[in-house]
Structures are given as C-alpha cells and as structure tokens.
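Let's walk through this one together, from the whole chain down to single residues. Keep the viewer open and click along as you read.

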Amino acid sequence: METKNVKVQVAPGGPFLVHGNITIVDKDGKETVKEGMTALCRCGASNNKPFCDGAHKALSFDK
Ligand code: FES
C-alpha cells in the first residue's frame, strides 16, 4: 500500500490521529492495513494497542 500524504496530528489529551492509508506491523510481523483516519494510543492505557480505545478519557492525560 502506498503511504504518501500521511498526516499525523496530536489530539490534545488523546491519541495520535493518522490521516491517510497506512500499514501497521506488529511485533510478530502481522500487518494491519488502515485507511482513512486511524487513532493510535498515546497515553498507554488502551486495551487495544496500538489503537486508541477511548481509555484516555478516564485519565488526567493532558499532554
Ligand atoms: S490515547 Fe486513547 S486510549 Fe490512549
């Protein structure tokens, strides 16, 4: 998959918002293709890493 024109935005108190088509490769080499917008956990609390599952809302994560 081509990954040009990908933009990564920091959501205040929340995830990285990745705008564009990306391929995520996990520690075992498994690839997941995401299209459009993907929210990646930045707070460390997600139970679905590397994706954001909204767990940051229960934290006082304000970075
Ligand atoms: S940023 Fe949303 S769960 Fe971590």
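What follows starts with the overall build, moves to the sheet, and ends with a few residues worth a look.

First, the ground rules. This is a predicted model, so local features are reported at pLDDT of at least 70 and side-chain atom pairs at pLDDT 80 or more, while totals for chains, interfaces and linings use all residues. Residues are numbered from 1 along each chain as its sequence is written, and side-chain values use heavy atoms, with hydrogens and water left out.

Now zoom out. The protein chain has five strands and zero helices, and from the N terminus on its elements read β-β-β-β-β. Here, helices (H or I, at least four residues) and strands (E, at least two) are DSSP runs, numbered from the N terminus. Along the principal axes, the C-alpha atoms fill a box of roughly 35 × 25 × 15 Å. Of the 63 residues, 24% are buried; that word means under 20% relative accessible area, with exposed being over 50% and partly exposed in between (1.4 Å probe, protein chains only). The accessible surface comes to about 4,500 Å², and carbon and sulfur atoms account for 50% of that. Those areas come from the Shrake-Rupley method with a 1.4 Å probe, and for residues only the protein chains shown count as cover.

Next, find the sheet. Three strands make an open, antiparallel sheet in the order E1-E2-E5. At its edges sit E1 (7–10) and E5 (37–40), each pairing on one side only. From one strand to the next, the twist averages 25°, where axes are lines fitted to C-alpha atoms, for helices over the stretch in contact, and angles run from 0 to 180 degrees between N-to-C directions. As a reminder, strands of a sheet pair through backbone hydrogen bonds, either parallel or antiparallel. Two strands count as paired if DSSP finds at least two bridges between them.

Start with E1 and E2 (residues 16–19), which pair in the antiparallel sense over four bridges. Val8 has Val18 of E2 as its bridge partner, and Lys7 stands opposite His19 in E2.

For some greasy surface, look at Val6, Val8, Val10 and Phe16, which make a nonpolar patch of about 300 Å². Patches are made of residues with over 30% relative accessible area and no salt bridge; like charges are joined within 9 Å, and nonpolar side chains (Val, Leu, Ile, Met, Phe, Trp, Tyr) within 5 Å. Phe16 belongs to strand E2 and is partly exposed, with a relative accessible area of 32%.

The hairpin of E1 and E2 has five residues between the strands, and in it Gly13 takes a positive phi near 70°. Gly14 is in the loop between E1 and E2 too. Is Gly14 buried or exposed? Gly14 counts as buried because its relative accessible area is 5%. Leaving aside residues up to four places away in sequence, Gly14 touches Arg42, His56 and Phe61, a contact being heavy atoms within 4.5 Å.

That brings us to His56, in the segment after E5. Gly14 and His56 are 42 residues apart in sequence, yet 6.1 Å apart in space, C-alpha to C-alpha. His56 is buried because its relative accessibility is 14%. With residues up to four places away in sequence again left out, His56 touches Gly13, Gly14, Pro15 and Cys43.

Two last stops. The structure holds one salt bridge, meaning a side-chain nitrogen of Lys or Arg within 4 Å of a carboxyl oxygen of Asp or Glu. Asp28 forms that bridge with Lys27, the closest N and O atoms being 3.4 Å apart, and both residues, Asp28 and Lys27, are exposed. Finally, the peptide bond from Lys49 to Pro50 is cis, with omega near 10°, and Pro50 lies in the segment after E5. For context, most peptide bonds are trans.
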